Each structure stands twice: as C-alpha cells, then as structure tokens.
Amino acid sequence: MLQEHVFFPSAVYIEDRPDFLPFAQVTADTYLKEALDQKPAAGNSLYPLQTNGIGHEPVLKDFSQYIAQTAWTILNQQGFDVKNLGTYIREMWCQQVNQYQGHDEHIHHHGDQISGIYLVQCPETGSRLAIHDPRPGKRQINLAEANTEQITPASSLAIMLPAPGRFYFFNSWLPHSITRNTGTDPTVLIHFNITVGALPQQAEAIVV
C-alpha cells in the first residue's frame, strides 16, 4: 500500500477581517495621495505607487497589533521556539497597482520571518497575489502540468482569490508576486514584514 508523507510544506494563511477596512482605507487614501503629490509621474510608471511607512499611525493601532500577534501565532504553530520572543512590524506600507502594473517575484530578508498583504481595494480585473514554488530543484526539471487550473504537487504557481478586507500571511522566504492589473481601476494593498526578537526603537508595532 503506497503511503504518502508530505515534508517541508509551504503555507499561506488567509483570514477575512473587513472590520479593519475603514481604518485601512483612510490611511491608504492619505498616504497614497501624499506619495503621488511628491512624485506625480509615479502614477504612470511601470511600477506600483508606494508610500512611506504607515505602521505608526494611531488609527492602525489595533490593525498593527493584530498583525504582530497573528505572526507570532503562526510561527508558534509551525514549531518555532518563540515562547520567549516577541514579534514586531519592521515595515508596513501602502501600494497602489494601476493598469498594467505589477510586482515581480521576490522574497523578503533583513531578518523578516513573516510577510503579508491586506487587500483594501481589489476590482474584479485587478491584481492578485501569486505564490511561487520555492524549490529551485523542482522548478529546474518541472514537467508540464496536466491541469493548470488545479493546485497539485505538480503546480509551480498559485493565484490567491481576492476580497476586500482579506489578509494573507506567509513565511518571508516564500517567493511571491503581484500579478499585472489588467483593468482600469487600481488595486490597493497594505504590505507588511514582521521580525522576531527584541523590539528596536524604530519598530512600527508593539511586541506581543
């Protein structure tokens, strides 16, 4: 009897929190307008419009605390020894993805352990979060997939279904990208990176 054992999985954690949307929307609107005022040409660039850090905003206190606590819970459940450590948001920013813009495949470093995205605006034809296979060996010799519309062990890419107020959390080493926006309405996201350890003075959220 052939038994399957799965090792070294890559997880994406999804949760809908539309209760944070009003605060996220107000913050995103303010910072994106400021960013566009500073760089008017950025709205027509090949790259998304990006703001400065927003984690210090008082209106986002509960939002930031939730992110830091959730990151700790994920790492703890994954088996990491974090019982005497705290999590804090090293950076958090808004991003507006206009038509034809996107964000190429990448990972996060600088000691980050958990990264994530919160969807503020996601039109039907807008951008999506894409998760890429992190195993270079498999990607090198990958066979063609029998059905690219199904997620299987043969898959090399997973596209996340969007919804306003939806969180995605994942390990910072997991390659990800933002697909090109094929519509005319912008996609608005809040990105964040969480680090584990003692809280530095410049951190944007409180240790949990």
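This is a predicted model: local features need pLDDT of at least 70, side-chain atom pairs count only at pLDDT 80 or more; totals for chains, interfaces and linings use all residues.
1. As to overall dimensions, the C-alpha trace spans about 60 × 45 × 30 Å along its principal axes. The radius of gyration of the protein chain is 18 Å, which agrees with the value near 17 Å that a compact globule of 208 residues would have. Buried residues account for 44% of the 208 residues.

2. The protein chain has three helices and ten strands, and from the N terminus on these elements run in the order β-α-β-α-β-β-β-β-α-β-β-β-β.

3. Six strands form an open sheet with antiparallel pairing, in the order β1-β8-β5-β10-β3-β2. The edges are β1 (12-16) and β2 (49-53), each of which pairs on one side only, and the twist from one strand to the next averages 20°. Within this sheet, β1 and β8 are joined in the antiparallel sense over five bridges.

4. Two helices lie across strands of this sheet. Helix α1 (residues 21-38) lies across β2, β3 (86-97), β5 (112-121) and β10 (187-197), and runs at about 105° to β2, whereas helix α2 (residues 61-77) lies across β1, β3, β5, β8 and β10, and runs at about 120° to β3.

5. The largest nonpolar core comprises 30 residues, of which Phe-63, Ile-67, Met-92, Tyr-118, Phe-167, Phe-169 and Ile-190 touch the most other members. At least two residues of this core are supplied by each of α1, α2, β3, β5, β8 and β10, with the largest share, seven residues, coming from α2. A second, separate core holds 13 residues, including Ile-117, Ala-158, Tyr-168 and Ile-178.

6. Arg-166 deserves a separate comment. This residue belongs to strand β8 (residues 166-171), and its relative accessible area of 16% falls under the 20% cut-off, so Arg-166 counts as buried. Asp-16 stands opposite Arg-166 in β8, and the side chains of Arg-166 and Asp-16 are joined by a polar contact of 2.6 Å.

7. Leaving aside residues up to four places away in sequence, Arg-166 touches Ile-14, Glu-15, Asp-16, Ile-117, Tyr-118, Leu-119 and Leu-161. Among these neighbours, Tyr-118 is one of the residues that touch the most other members of the largest nonpolar core, while Ile-117 is included in the second, separate core.

How values were computed
Residues are numbered from 1 along each chain as its sequence is written. Side-chain values use heavy atoms; hydrogens and water are left out. Helices (H or I, at least four residues) and strands (E, at least two) are DSSP runs, numbered from the N terminus. Buried means under 20% relative accessible area, exposed over 50%, partly exposed in between (1.4 Å probe, protein chains only). A polar contact is a pair of N or O atoms within 3.5 Å; within protein, one must be able to donate a hydrogen and the other to accept it, and residues adjacent in sequence count only if both atoms are side-chain atoms. Contact means heavy atoms within 4.5 Å. Two strands pair if DSSP finds at least two bridges between them. Axes are lines fitted to C-alpha atoms, for helices over the stretch in contact, and angles run from 0 to 180 degrees between N-to-C directions. A nonpolar core is a set of buried Ala, Val, Leu, Ile, Met, Phe, Trp, Tyr and Cys residues joined through side-chain atoms within 4.5 Å. The radius of gyration is taken over C-alpha atoms; the globule rule is 2.2 Å times the number of residues to the power 0.38.
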